[in-house]
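Here are my notes on chain B, point by point. Please read them with the structure open.

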Amino acid sequence: MEILYVMIPLGLVLVAFGLWAFFWATGDGQFDDLDSPGWSVLEDDTRPGPPADTKPDPTSPEEQK
Amino acid sequence: MSAPGAPCFHCGEPIPRGVEVRARVADRDEPVCCHGCKAVAEFITGAGLGDYYRYRDTSSSRADEPPRPDRWAAYDRPELVERLTRAEPDGARSITVLLEGLRCAACSWLADKALSLQSGVLDVSVNPATARARLVWDPGKVRLGDLLRVLEHVGLRPHPLAGEHSEQVALLERRSALKRLAVAGFGNMQVMMFAVPLYFGEARGMDADMREYMRLVSMLVSIPVALYSGWPFYQGAWHALRARSVSMDVPVSIGIVLAFVASVWNALTGRGEVYFDSVTMFVFFLGLGRYVEMIARHRAGSVADALARLAPATARRVRSGVAEDVQAVELAIGDELIVRSGEVLAADGLVLGGEGRVDESMLTGESTAVAKPPGARVHQGTHNLGAPLRVQVTAVAGNTVLSGIVALLERAQAERPRLARAADRAAAWFLSRILVGAAIVFAVWWYVDPSRAFSATLAVLVVTCPCALSLATPTALAATTAALARRGILVAHTDAIEMLSKATHVLWDKTGTLTRGLVRVEDVRTCGAVTASQALAWAGSLEQLSEHPIARAFAGSAAPAGPASEAVVHAGQGLEGRLDGRRLRIGTRAYTEALYTGGSTADPAPAPAEGDGTGESWVYLGDASGLLAAFRLTDPLRPEAQDCVAGLAALGLPSEIVSGDEASAVARIAARCGIERHSARLAPQDKLGRLKALQAGGTVVVAVGDGINDAPLLRGADVAIAMGRGSALAQTSADLILVRDSLEDLPHTVDLARRTQRVIRQNLTWSIAYNLAALPLAALGYVPPWLAAIGMSLSSVVVVLNAMRLSRGSTPQRRPQWPAAREPETA
């Protein structure tokens, strides 16, 4: 059972990593809205996404009116 | 004709007879109830966002009137936008916007998509939980006013928020609570994992070294849980103690600290028992309950939101003859403002000139607009329906009548005595008994065997740690809050659930609560060759000239036929004008018929005379050839109101109407709902008086209302319920908010509240029984340590599982979705 002296600290390191990831995600706003992102998978991908950051893509179809 | 009973495609409300407005949606014509809804539905589908109608799980807000692009003119001016918004990298600007009418994830998807399709929009994030959207855009490519217009076009009324501090605070509070909860959850899982071998080792034998190691590791993991996750409890307890009172936080903190310190001591010395599993589980479940409650409270909306919705962010100021749009917060006393027709006042003031008629219903409950001659006082948040007003500002920001009301509500909300105190008193009682008991145990052991006095006292305190007792109520309330939230009922104050279970009476407001709160054209009867839509179009054009509340009923019913010429208003009778080459009159029957020149007229409808006591009214349209049409105007009863009243009666809650409206109208609605007791023409203080009279008789009263004039009633009631589309101020006074604006689930809510009370009682009985059984055994030193630890955890688990029963089996029914079950209709 001496292996536990190694495995438990290793497990704790994993937990600490998980917590760190969770804290990062919370600070990043990942948990601020748990409802609406789920809808995005239901929509058809026929339109281009939102315009590119600074300049609209000249090849994209006409914007909807 | 539309199929009888077919609801409006957009808002789901019944379409009045005679109204034939169609929206062109996905290559077919869908019936809608008004031109506002038509405009919104066509814009949404025209922008390729028709999926919205498939995904939404609640109907949308009625649009009432088509969008008014000029409302956002102020936001087209770059210098004003500069001051209202924040600078972002690369010259972009950002602003937070409160969206009225945002109800579900599909609505936020709609807002997100509609905005993302605009060129120049760099980032959009919509949060349905707080009904807020954050926009980042490039001012060189698109104007803020255009973005706000897009939001209004999809049926979500935007309110730009200039200084958004409270929301930021709430966001950080939510995030920090989530982090603390995560630490407690992870920590609890780990400690449980180490607790199992410890328990088995106790029974089957275990290496002393390994046992020591497990206990130390448990301690290591528990330290952040006890210190970081438990911190809010210590803070609450400290505040309560400093204020010389005892809140539930005090026994909770004492329980955590004692069990934790005792366990640390035992783990370090290698003797006695450790209770880390109990401590971490206790912190986790209590934190979970508080987190659920906090989310509900944040969603219910803050008083600051209410103010933002009522008062505009901009105003039109005149300085040395030049009018300019400025931010409302820049206004100073003595400034001169121009308030155009349809605008909301940004400050209190004195009328200098103009012939405005102001709708003050939000302050007084009076639905008719009040004439404001020069010298009259006007108030922030009221709505100018007449000609432009020139106003001299007399009070701004925190000194207006409106902000006075808001401040009053804020204070009342913060104090919130009621049941919270009852729970705290129980906690104080329990705590004092435990401390006395522990002192007696210490004294007795000191007398018998001083060396064991300390450890025995500690055992008593730990075993009686009010874990299960403290969890009994919050877990049940959290489960109920979550179950109700799934049905669209927001519990803003969880203590209301206990009151609701004891309720004996229901007081209803009529307008806007039992009824829809909007006067609408319910029926059109025509005679001769005139079609209903033509009659509506003429009526709409004529009524555009009037500020009478009835005129608003026509606003959305048909596209106006064009401006009427030679218009004359005859006060109290109706109005006259020339349209399409005809001289037309609309108004009372006698007034309309007076235009007629010869012969007898064909009666368009077997219409009762107006004001015959049924609470409905008829308005007539005619020209020189006689009557053309009659319109029946009503404020329709909510379809589910009857069932709701019957359901509540079946639960032993008789209903009563307290209304400010006419006696005849109240009597009609009461008869249709099957309510026997009703009183009419009550001012807000009379409503409160009726409530106090009931309460003095020992009854527990539920009040349901929607308007600002119901706010005192709601504030005084034992349980206050506000409609989701009601005024923001009514909602801040409410304990429960019916977000979907439907009375349907009210009986179920009462039933659930009663079940919750049953579960709470079971929980309390169980945990008190456990403590009573454990206390004497622990005091005498008979409880084996491992049994104490398991018993402590199990008693809490039983309580939590029992509470979870409440959140089961209450999945809401979904409305039938478009277009699944709907045949194309023939026009």
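1. A term comes before the details. A residue is buried if 20 or more other C-beta atoms lie within 10 Å of its own. Keep in mind that this is a predicted model.

2. Start with helix α17 of chain B, residues 495–502. Six of its eight residues are buried, so the helix is largely enclosed by the rest of the structure. The buried residues are Asp495(B), Ala496(B), Ile497(B), Glu498(B), Met499(B) and Leu500(B).

3. Strand β19 of chain B, residues 520–526, is also largely enclosed by the rest of the structure, because five of its seven residues are buried. Its pairing with strand β24 (residues 626–634) of chain B is antiparallel and uses six bridges. One point to check on screen: Arg525(B) has Ala630(B) in β24(B) as its bridge partner.

4. Next, a single residue. Ile721(B) belongs to strand β28 of chain B, which spans residues 719–723. Why does Ile721(B) count as buried? Because it has 27 C-beta neighbours inside 10 Å. Beyond its neighbours within four places in sequence, Ile721(B) contacts Val702(B), Ala703(B), Val704(B), Ala734(B), Asp735(B), Leu736(B) and Leu738(B). For Ala703(B), 18 residues away along the chain, the C-alpha separation from Ile721(B) is 6.1 Å.

5. Now the helix pair. The axes of helix α7 (residues 208–229) and helix α9 (residues 249–269), both of chain B, come within 10 Å and cross at roughly 150 degrees. Angles over 145 degrees count as roughly antiparallel, so that is how α7(B) lies relative to α9(B). The crossing is left-handed.

6. Which residues of α7(B) and α9(B) meet? From α7(B) come Arg215(B), Leu216(B), Met219(B), Ser222(B) and Ala226(B). From α9(B) come Ile256(B), Phe260(B), Ser263(B), Val264(B) and Ala267(B). By type, the contact has seven nonpolar residues, two polar and one charged. As background, an α-helix has 3.6 residues a turn, so residues three or four places apart point the same way.

7. Last, an open sheet. Three strands of chain B lie in the order β13-β12-β15, with antiparallel pairing. The edges are β13 (370–372) and β15 (383–384) of chain B; each has a single partner strand, so one side of each is left without a neighbour in the sheet. Strand β12 of chain B, residues 356–359, pairs with β13(B) over three bridges. Within that pairing, Gly356(B) stands opposite Lys372(B) of β13(B).

Technical notes. Residues are numbered from 1 along each chain as its sequence is written. Chains are lettered from A and ligands numbered from 1 in the order in which they are written. This is a predicted model: local features need pLDDT of at least 70, side-chain atom pairs count only at pLDDT 80 or more; totals for chains, interfaces and linings use all residues. A residue is buried if 20 or more other C-beta atoms lie within 10 Å of its own, exposed if 12 or fewer, and partly exposed in between; C-beta atoms are placed from the backbone. Helices (H or I, at least four residues) and strands (E, at least two) are DSSP runs, numbered from the N terminus. Two residues are in contact if their C-beta atoms, placed from the backbone, lie within 7 Å. Two strands pair if DSSP finds at least two bridges between them. Axes are lines fitted to C-alpha atoms, for helices over the stretch in contact, and angles run from 0 to 180 degrees between N-to-C directions. Angles under 35 degrees count as roughly parallel, over 145 as roughly antiparallel, 65 to 115 as roughly perpendicular and the rest as oblique. A crossing is left-handed if the near helix is turned anticlockwise from the far one by less than a right angle, and right-handed if clockwise. Ala, Val, Leu, Ile, Met, Phe, Trp, Tyr, Cys and Pro count as nonpolar, Asp, Glu, Lys and Arg as charged, and the others, Gly among them, as polar.
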